[in-house]
Amino acid sequence: MDFATLGFITMALMGLITGEAVLNANTLSVAISVPPRVADMGFTRPAAEEIFAAEVKRIVNAPSTISRPSMRISSRKSVVGVLSEALQLGGLTTAIQDLFGQDTVRVTGALLREGESYRLVLTVSDRDSIPIQLDIRRDDNDVVAVLRDGATATFERVAPYRVALSRFLAGIKGDPAQLARSRVDTRNALRLPVQRGRESEWAGLNTLDALHHLMANDTREASASFRRAYADPSISAGAKAIGETNYAFMAINSRQPAEALRHARAARDHLAGSKAPLWNLDAYIDVCEGLAAWAAGDTGSAERLLVGAAQKMPRDETPLVYLVQLYSSLNRTEAAGTARTRLEQSTSFSGEIPAMALTLFWIDPKTGAIERRSR
């Protein structure tokens, strides 16, 4: 092989590896070793890493405008990974990511068997922080549980918002213990200084804090936390859209319909600039503006917006509940009956967008009274 051909192949391979490094930014890289005595029982390294990865995916699965990390585990090899390993270039992807300052979190661990119990020793590191040492132990011989505990402990350190949000979602679906843990997680995380590049997570934590205050009927503290959540101009357009709906919700609660309308319309403007809006966000903004219009006495606009929302998400109970109430208040018995029939066929539950108060609470547009949704 001549030098020109060799040089071309080398440059092509370097390009592939550099491309992989860029594509795998914002990645959680996981490598867990398993001793032979555990592997001989059939519990291999790929199995351990897949269980860890599955728990991480569960934690980050809650709907959010904050991007979720992708997963990369050492036992899964990409084509580029196989080539770089064969040529002993395994550390090059990491080096390129470090050079360009890309955000990666690396988890390296060892699963140990001590008598009848399991122990998971982890080192968690990223570009901006001192590596964290975690030591997870269980005495119940549950190897799957120790790996899940390790995934949760990792995210409690590197992405506390994701853990708090996951527990919050479990809580609003009926697990009071998880809701209480989310409250503690949120408070603890907010005591820490804001890390550079993590402003969106800070906004998420303050939003959770506000929602916990609403559940305690503390609307004053809820409003203050919502203000802190969306004060940073660097947060995404999608997050700003949700923030404006929360401002509108609190304005209806404080019986300021003009302010509520202003915020609801601002939410629509931010939504137009959002690259990847959450599912049904535009319909919920219709509901928000419809309630604000109703609070301002414009029942015609309220009906139009609520009907539009019901068309956009026909299986969701939210606009239908308000339409039944609106038609009943206007003595439009037939229209109220039609909306009620559709409502009886709905299958939605509260918290579809858990950062939005509108999906977690009912609000009376005339009095501002708030009531937590039961489903």
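Start with serine 274, which is found in the loop between helix 12 and helix 13 (281–295); helices here are DSSP runs of H or I with at least four residues, strands are runs of E with at least two, and both are numbered from the N terminus. With a relative accessible area of 16%, serine 274 is buried, where buried means under 20% relative accessible area, exposed means over 50% and partly exposed lies in between, for a 1.4 Å probe and protein chains only. Once neighbours within four places in sequence are set aside, serine 274 is in contact with Ala237 and Gly238, a contact being heavy atoms within 4.5 Å.

Before moving on, note that this is a predicted model, in which local features need pLDDT of at least 70 and side-chain atom pairs count only at pLDDT 80 or more, whereas totals for chains, interfaces and linings use all residues. Residues are numbered from 1 along each chain as its sequence is written, and side-chain values use heavy atoms, with hydrogens and water left out.

Zoom out to the whole chain, which has 16 helices and seven strands. Of its 375 residues, 48% count as buried, and among contacts between residues at least 6 apart in sequence, 60% join residues at least 24 apart.

**Aromatic pairs and the arginines over them**

How many aromatic pairs does the structure hold? There are two, where rings of Phe, Tyr and Trp (its six-membered ring) pair if their centres lie within 6.5 Å, and planes under 30 degrees apart count as stacked, over 60 as edge-to-face and the rest as tilted.

Select tyrosine 230 and tyrosine 247, an edge-to-face pair with 6.0 Å from centre to centre and 90 degrees between the planes. This pair links distant parts of the chain, 17 residues apart, with tyrosine 230 in the loop between helix 10 (219–229) and helix 11 (237–253) and tyrosine 247 in helix 11. Both tyrosine 230 and tyrosine 247 are buried.

Go next to tyrosine 322 and tryptophan 362, whose ring centres are 5.5 Å apart and whose planes lie at 75 degrees, so this pair is edge-to-face too. Tyrosine 322 belongs to helix 15 (residues 317–329) and tryptophan 362 to strand 6 (residues 361–363), so that the pair links distant parts of the chain, 40 residues apart. Tyrosine 322 and tryptophan 362 are both buried.

Now show the arginine side chains. The charged end of arginine 227 sits over the ring of tyrosine 247, 4.0 Å from its centre, which is to say that NZ of Lys or CZ of Arg is within 6 Å of the ring centre and within 35 degrees of the ring normal. Likewise, the charged end of arginine 373 sits over the ring of tryptophan 362, at 4.2 Å from its centre.

**Two helix contacts**

Select helix 9 (residues 199–215) together with helix 10: their axes come within 8 Å and cross at roughly 170 degrees, the axes being lines fitted to C-alpha atoms over the stretch in contact, with angles from 0 to 180 degrees between N-to-C directions. That makes helix 9 roughly antiparallel to helix 10, since angles over 145 degrees count as roughly antiparallel, under 35 as roughly parallel, 65 to 115 as roughly perpendicular and the rest as oblique. Residues to display include Ala203, Leu211 and Leu214 in helix 9 and Thr219, Phe226 and Ala229 in helix 10.

Then select helix 6 and helix 7, which pack at an angle of about 120 degrees with their axes 5 Å apart. Helix 6 is therefore oblique to helix 7. The contact is made by Thr152, Phe155, Glu156, Arg157 and Val158 of helix 6 and by Pro160, Arg162, Val163 and Arg167 of helix 7.

**Last stops**

Stay in helix 7 (residues 160–172) for serine 166, which counts as buried at 10% relative accessibility.

Finish at asparagine 141, in the loop between strand 5 (132–138) and helix 6 (143–158). Asparagine 141 has a positive phi of about 65 degrees although it is not a glycine, and at 39% relative accessibility it counts as partly exposed.
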